[in-house]
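Dear colleague,

I am handing over the structure we spoke about, with the sequence alongside. Please look through it first; my notes on what was found follow below.

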Amino acid sequence: MAQISDWYSTRLGHRAFATLVEVTTSRSAQGRQQAPTPAPKTSAVVSYRLARQRVVDSILRGDRPIETACDAQAELRRVAHNCGTLLPEPCPLCDGSDLVAVTFAFGASLPRSGRVVADLGEARKLRNRGRPSTWYVIEVCRQCWWNHLRESFEVSG
Ligand SMILES: [Zn+2]
């Protein structure tokens, strides 16, 4: 299963992704010795791969109705159509080739429903607004509407 870093590097390039997700070592690695500046928080990527696989397995075993997982809401469908990035793997349920990733950012002064991170320009705006945010990557199948949280990570402001 592709990771978000692969997804971003495909779309934005590794360097762009690295500037978006700042890790604790990045400032010292750049040699900036501005002692009074607190170190940024670590930005580990949280993977929901195991939870996703449990859902898939329960559906494939027949323990859970497929409708409970192929239930993308209207807004998520719209975002998947307009801003989804095609993933290099088939849908785990219908085996279709239209599985996309969409990213939402949540944080102070952002909409309660999150802001869609549609492209690098939007990503840079969020990164440079001076406030941290949490980004959630959701995979959505545009054929059967399977959807599941895939990864999340912090982006320091
Ligand atoms: Zn599907």
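Over residues 18-42 the pLDDT stays under 50, and for this stretch the model, which is a predicted one, has 20 contacts beyond four places in sequence. For the chain as a whole the mean pLDDT is 79, with 73% of the residues reaching 70 or more. Confidence is lowest in helix α3 (residues 24-29), where the mean is 34, and highest in α4, where the mean is 96. A further stretch, residues 12-16, has pLDDT below 50 and makes four contacts in the model beyond near neighbours in sequence.

Turning to the strands, β5 (residues 133-141) and β6 (residues 147-155) are paired in the antiparallel sense over eight bridges, and within this pairing Glu-139 has His-148 in β6 as its bridge partner. The two strands form a hairpin with five residues between them, and Trp-145, which lies in the turn, has a positive phi of about 70 degrees. Strand β6 also pairs with β1 (residues 46-47), again in the antiparallel sense but over two bridges, with Ser-47 standing opposite Glu-151 in β6.

Leaving aside residues up to four places away in sequence, Ile-59 touches Arg-64, Ile-66, Ala-69 and Leu-93.

With best wishes

Definitions and conventions. Residues numbered from 1 in each chain as written. Predicted model: local features only at pLDDT ≥ 70, side-chain atom pairs only at ≥ 80, totals over all residues. Pairing = 2+ DSSP bridges. Helix = DSSP H or I, 4+ residues; strand = E, 2+ residues; numbered from the N terminus. Contact = placed C-beta atoms within 7 Å. pLDDT = per-residue confidence, 0-100.
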